[in-house]
Amino acid sequence: MQLSVTHIISLLLTLAVSILPGIIIARKIKSVDDYNVGGRSAGVSMVAGSIIGTLVGGAATVGTAQLGFTLGLTAWWFTLGSGIALLIMAAFYAVPLRRSGLTTVSEFLVNEYGKKAGVLTSLSASAGIFFSIVASTLTALHLVAGIFNVEIMTSAVIIVLITAGFVFFGGISGSGIAGLLKILFIFATIFVGGIMAYTDLGGWQGLHKTFPEHPWFSLFGRGVQDGIFSLLSMIVGVISTQSYVQAIFSAKDSKTAAKGCIAAACIIIPVGLPSVMIGMFMHVQHPEISSIDALPLYLLHYLPDWLGGIGLGALLLSALGSIAGLALGIGTMISRDLISKIWRSATQVNLLWTNRFCVLLVTVCAIVFVFFHLHSSVLEWNYLSMALRGSGIFLPLTFAVFFPWQVPSKAGLLAIFSGIAVACLWSFWSPWAINSLFLALLFNLIFLVPGIIYYRIHKK
């Protein structure tokens, strides 16, 4: 990508405006709670911003345009499913989670099923979140290398430095402010681009003349089973993810937590549509390009230079902000659920810096992993991530919310273990092509339902 001077100036200003709040907020951070949950004082906008800052990443923008370039409307599942998941979270999960006064999903499950459940869920959730970081890192490496015309290795160094600017110092508060700024830039650029692409393709009539009905205008362009899995994996994954639950824990009260989820859902659901439209436009105009380049190349060549620079900055913010927020979720679980239990003499300052360095370590590990999968699909990693993190957490968490203290700890622990084992091992030894997420949820139920029945019989 050949950027003009105007492109570069507007892009750098966009990045600077988004990174500075995290550095400034660092002065107010004195403890691990300040870093992880912002002192539990976040309002609706900050809760929504923290969720958006992490969830609207490379998959929601570049990855959605990539699949839109190839198949059309079915690419909308990522942001549509994310929004539906947040509405469900607001209705049923936000209040009990916030009232618990905890910091991690693992702590919530430990209260229900015992200490062993905490270790299992921390490791499972961290592995699942890691693949989401991989997806955003994959986007970011290509973007940084293309925008700044540097080698992939140099691109990796830039990613680590900008990620540090987002959350290394400012924690969840820095991530929340960056999320609000990011969505502002996305609405100002990608939505403008989506409307322009729609108009240039001739509107609704022009689209139908250019593309066949199936798969381009169907949410089930890759089949009904794939569409249902995409939706289910998003619902399961979002509700099970520490990074999004952490935003709920940061709210000043339970009502604020629920309202923050609703606000985030209303913003996230439509974000995918302009990316899909731009992907379809680039398929018509530039069928020769790599699909992953569809959105950045559109912003570069079809928007005014000053606006295109902001748009490219917004894409970088989407990918890097997601990396930072997800890495913060893993860092929080590692430092709070594992390291603090081993290093019992650690002070608040020790744990604060441990958390910060966990964020950087996770980012570096994701970059190393991506170097071996540079040409893979962004959305595929995200769907794998959502399924993996939900297999051992979603239903045990759901039963803990709806049926508190009614599942015996052994039954809950077996449900968590069996779900994780099936998600990890099914594809290696099974002769049937059944998605492991569905089977993992089934194995969860095999232990959770009898557990509740046993509890209720003995209670009588």
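Author: Accessible areas here come from the Shrake-Rupley method with a 1.4 Å probe, and for residues only the protein chains shown count as cover. On that basis the chain has about 17700 Å² of accessible surface, 70% of it belonging to carbon and sulfur atoms. This is a predicted model, where local features need pLDDT of at least 70, side-chain atom pairs count only at pLDDT 80 or more, and totals for chains, interfaces and linings use all residues. Residues are numbered from 1 along each chain as its sequence is written, and side-chain values use heavy atoms, with hydrogens and water left out.

Reader: Why is Cys261 called buried?

Author: Buried means under 20% relative accessible area, exposed over 50%, and partly exposed in between (1.4 Å probe, protein chains only). Cys261 has 0% relative accessibility, so Cys261 counts as buried.

Reader: And what makes Cys365 partly exposed?

Author: Cys365 comes in at 37%, so Cys365 falls in the in-between class.

Reader: What makes Phe130 and Phe131 an edge-to-face pair?

Author: Rings of Phe, Tyr and Trp (its six-membered ring) pair if their centres lie within 6.5 Å; planes under 30 degrees apart count as stacked, over 60 as edge-to-face and the rest as tilted. The search finds 15 aromatic pairs. In the one formed by Phe130 and Phe131, the centres are 6.0 Å apart and the planes 75° apart, so the pair is edge-to-face.

Reader: Why does Phe131 count as buried?

Author: Its relative accessible area is 18%, so Phe131 is buried.
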